[in-house]
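Welcome, and please open the structure in your viewer. Have the selection tool ready, and we will walk through it one stop at a time.

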Amino acid sequence: MGVTTFLAQADELRAPAVDYGAVAPVLIVLGAACASVLFEAFLSKSQRWIGQVVLALITLVASGTALAIYAGDAPEQGTLTLSGALAVDRPVLFLWATLLLLSFGSILLIADRSVEPGGAFVAEAGVRPGTVQDRAQAAKSGMQTEVFPLTLFALGGMMVFVAANDLLTMFIALEVLSLPLYLMCGLARRRRLLSQEAAVKYFLLGAFASAFFLYGVALLYGYAGSVKLADIAAAAAGTNRSDTLLFAGFGLLVVGLLFKASVGPFHAWTPDVYQGAPTPVTAFMAACTKVAAFGGILRVLGIAFEATEWEWRGVLWGVAIASMLIGAVLGLTQTDVKRMIAYSSVAHAGFLLVGSIALTPEGLSGTLFYLLAYGFTTLAAFGVVSLVRDADGEATHLSQWAGLAKRSPVVAGVFTFLLLALAGIPLTSGFIGKFVVFSAAVQDGMAPLVVVALVASAVAAFFYLRVIVLMYFSEPAPDGPTVSVPGAFTTVAITLGAVITLVLGLWPAFVLDWAGAGAFIS
Amino acid sequence: MSWTLIALLLLPLVGSVVVAVLRRSDAAAKTAALAFALGELVLAGVTWVAYDPASTDRLQLTSSVEWIPNFGVHLSFGVDGIALVMIALIALLVPVVIGGSWADKLPEGRTAGGFFSLLLVMQTGMVGVFAATDVFLFYVFFEAVLVPMYFLIGRFGGPRRQYAAMKFFLYSLLGGLIMLASVIGLYVTSAETLGKGTFDWATLVEAMRTADTTTQIWLFLGFFIAFAIKAPLVPLHTWLPDAGAEAPVGAGVLLVGVLDKIGTFGFLRYCLPLFPAASKELAPLVLVLAVIGILYGSLLAVGQTDMKRFVAYTSIAHFGFIALGIFAFTTQASTGAVLYMVNHGISTGMLFLVVGMVMSRGGSRLIQDYGGMAKLTPVLGGLFFVAGLSSLALPGTNSFISEFLVLIGSFPTRPVHTVLATLGMVLAALYVLWLYQRVFQGPLRGTALVGVAGGPGAATAPEVGAAREVKDLGKREIAVLAPLVALILVLGVYPKPVLDVITPSVGATLSEVGVTDPVTAQEGK
């Protein structure tokens, strides 16, 4: 091959057009993540914390501003960019906004250094747990700040994940969001064995799930000859290709997605990881990962597998029922607050799945609303969990929460409100969320599934109420935990979550309008 | 746009905030609570006057503001005669309850301000349930009212309060969630028939006329189960004796007096007009449950050893009568049922209060701990007897008229059920009089009143065998019971003011179901 032909070919190989306005929010977050790594390398120890916090918060505000500016005059039906690898449409804009808002709250929780002196993160992760050095580092008040770039990378991955328009981009985004999370789980300053166990468990199971996902992608590529969602939809709509490939690929792909969304029976990692990870990280995972995973599920089901809906719907009915029942029933037996909220999140994942498999505009907007509402409630709930402490750190055993209302009525009141929201009592966002999701499901002919969901909500209400009973109706133990006076960061995060939970319960209309503003583009 | 109902809703809410702020000082909090409750009573009087029973409007004093336009949810309020009398009953009972709980001994660490503040929040919720004319809004109030009641029982109740509060909440919540399925189903059905979904009650009544019977039956069942748990119909009643026994007396009065009426009100407002075909189809089933409730509740009331549980079981029997009246589908029976709802609130409310007064003197809930108490407290004995007579529907008391209307109205369409239900009247005489006899008549006895050597009362009794010092009713207690006694007697001979208000609405409800009275049909021939 001559040099000239090569040059001629290279001339044809053009860089794809990039709609910088549309992808600016992602670029800002990923760019800031890189800058954050440099901060870590070059800033002096005393400047790192403040530098990282300021950078992270400014990044989120800047990304949000870019998003708002773009959303102001974005094309109604959305746009494809980076030669069709990313789709930026109304649902994606909504999901991005949700992710940025929830990350803002999570970063505030992560940055807090007053609740746990020096922050919730281990100073030297390499020190073996239980040794003299470990006790020394636990007593030190300095805070290592690697967690900030990791959070920003995970957030960038999530944003790409929900916008990915082909399965390969989606897989890469999945890894970008997962790998930082595995690390973050292992960073707890206290109870380090539990934390490291959580990290390893999450990593191993997550790696399996990624492999499932990738195998599914491979089979679907074999089926459709393309990894683009639209091409898979077109291939499935009318061909005589092997259905085996299609459904085997679909099954493997969906297992990977359901794992990330902690939908039962793919939830096994959830309680352990939620319990072991540092609470701010748990808050970030519970809120943001859920949003990203369901954003991906909505997109994959809504575009690639819309035509084959009647083939897979029964299976996902079963998965949704399993998830709701596992979450509700096993939640009853938990004695640890974080594990209890983890099982609650499994039940909520089931409710979300009910909305996701109603492939109607109402199902889409309802699920989006639910994600936003649930994200803020759970974020604030974990914020409160991080406040209740005794000498050994957080007091997460339920018995330690007895009589909390007597010692700190405000904290108990806020937590009660959040629990009622998780239970779906009216005048909270949780109720409106359940209502929109379930009404979409009934409209799409899934009334029996909705009845199961409502029964599961009633069962789940029991364990939320049990905590309220403990806090209000029981006498406090004499040497029980105290509630730390939260620093400004945690206060803001909890207030943000609680206020949004209340506002969305009272005036949900404007958010419902945004959530229902448009459909997916492929 | 009428502001009266909105004012009725907001006043107690403002009151609860004021009382909560004042909770450090018991006296100030109590006075403020009473002032707000009396203000609400005056407002309810204004509402009563403003309501025009002769008007042909199904709902009056209406107001409506858009709330969630995405599903056509409105904040709309309005009352018919049935809702109006219930709101008046609430406005009457809350100040009575506040007066009755004035000197209650609260559990360690709880303040009277907290108690009254929750009572006022509950008042807002209860008014909202009866005044809402948007099904979604009704549901919101239906569930929201659980939360203050849960805290009232759980924080201020008896020894097993945690269990009772949890049981109460879970039963009601389960019912509510099943109803939510039907609310959603109703919305979806209306979207199919009208093109655009709505929650407006009047529009839904029109839209559901054409719905097929199967759909109606499923949706009816969702609402019915929720209301049958609330009103407690056997076999969904088991939470009431626990909740009633453990609730503080004040909250217990509102629980059996008003909160449970949400169920029977729901039958009349939602089950019948929205699902006429299903109501007719399933009426035999409901009637059987009603009659079982009357007999079962009465028999268990006879056997109770705990006075508060006793009141709860008499209520279950009474709710059977109300359900019988509603599902007999005659004007007389339904009018009687609505009147029964008011009268039951007054007489059972009073019974609960006097039982509370007995307990606050003797310190025990058990019947066997008392005996011959009338010798020590003749006034309390007399008023207890009045409340009991009203509860057993003696002619001349308010309950007689309503019970008689229910029975005479049900007989033409449901003779067998009516005859069986009449047995309940006999049992009522038995359980009330026997209780009175055991507690108040005969020689002075029982560990709560006289010390017994070695018995649990020995520590508190000054000397063995001597009567403990038990005071008769004070001025406050007499003032609290006086309005109830007056109403029992006045409504017993002159129920016309209440009947005038409820009769047109009952007639409208029955015409929505599409039934005609057998009696009037004969007159037409």
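Here is a short tour, with something to select at each stop.

**Stop 1: confidence**

Bear in mind that this is a predicted model. Select chain A and colour by pLDDT: the mean for this chain is 90, and 98% of its residues reach 70 or more. Which element of chain A has the lowest mean pLDDT, and which the highest? Helix α1 (residues 3-12) of chain A is the lowest, at 70, while helix α6 (residues 147-163) of chain A is the highest, at 96.

**Stop 2: a sheet in chain A**

Stay with chain A and pick out residues 388-390, which are strand β3. Together with two other strands, β3 makes an open, antiparallel sheet, ordered β4-β3-β5. The edges belong to β4 (393-394) and β5 (482-483) of chain A, each pairing on one side only. Zoom in on β3(A) and β4(A), which run antiparallel and are joined by two bridges. To see a bridge pair, select Arg389(A) and its partner in β4(A), Glu394(A).

**Stop 3**

Next, select residues 361-385 and 409-423 of chain A, helices α15 and α17. Their axes come within 10 Å and cross at roughly 145°. The crossing of α15(A) with α17(A) is left-handed.

**Stop 4: where the chains touch**

Bring chain B into view alongside chain A. Chain B puts 27 residues into the contact, and chain A puts in 25. On the chain B side, select α5 (135-144), α6 (146-156) and α7 (161-194), each of which supplies at least two residues. Which helix gives the most to this side of chain B? That is α7(B), with 15 residues. By class, the chain B side holds 19 nonpolar, five polar and three charged residues.

**Stop 5: an enclosed helix in chain B**

Finish with residues 239-246 of chain B, helix α10. Why is α10(B) described as largely enclosed by the rest of the structure? Eight of its eight residues are buried, so the helix is largely enclosed. Step along them: Trp239(B), Leu240(B), Pro241(B), Asp242(B), Ala243(B), Gly244(B), Ala245(B) and Glu246(B).

Note on methods: Residues numbered from 1 in each chain as written. Chains lettered and ligands numbered in written order. Predicted model: local features only at pLDDT ≥ 70, side-chain atom pairs only at ≥ 80, totals over all residues. Pairing = 2+ DSSP bridges. Helix = DSSP H or I, 4+ residues; strand = E, 2+ residues; numbered from the N terminus. Contact = placed C-beta atoms within 7 Å. Nonpolar A, V, L, I, M, F, W, Y, C, P; charged D, E, K, R; others polar. pLDDT = per-residue confidence, 0-100. Buried ≥ 20, exposed ≤ 12 C-beta atoms within 10 Å, placed from the backbone. Axes fitted to C-alpha atoms, helices over the stretch in contact; angles between N-to-C directions. Left-handed = near helix turned anticlockwise from the far one by under 90°.
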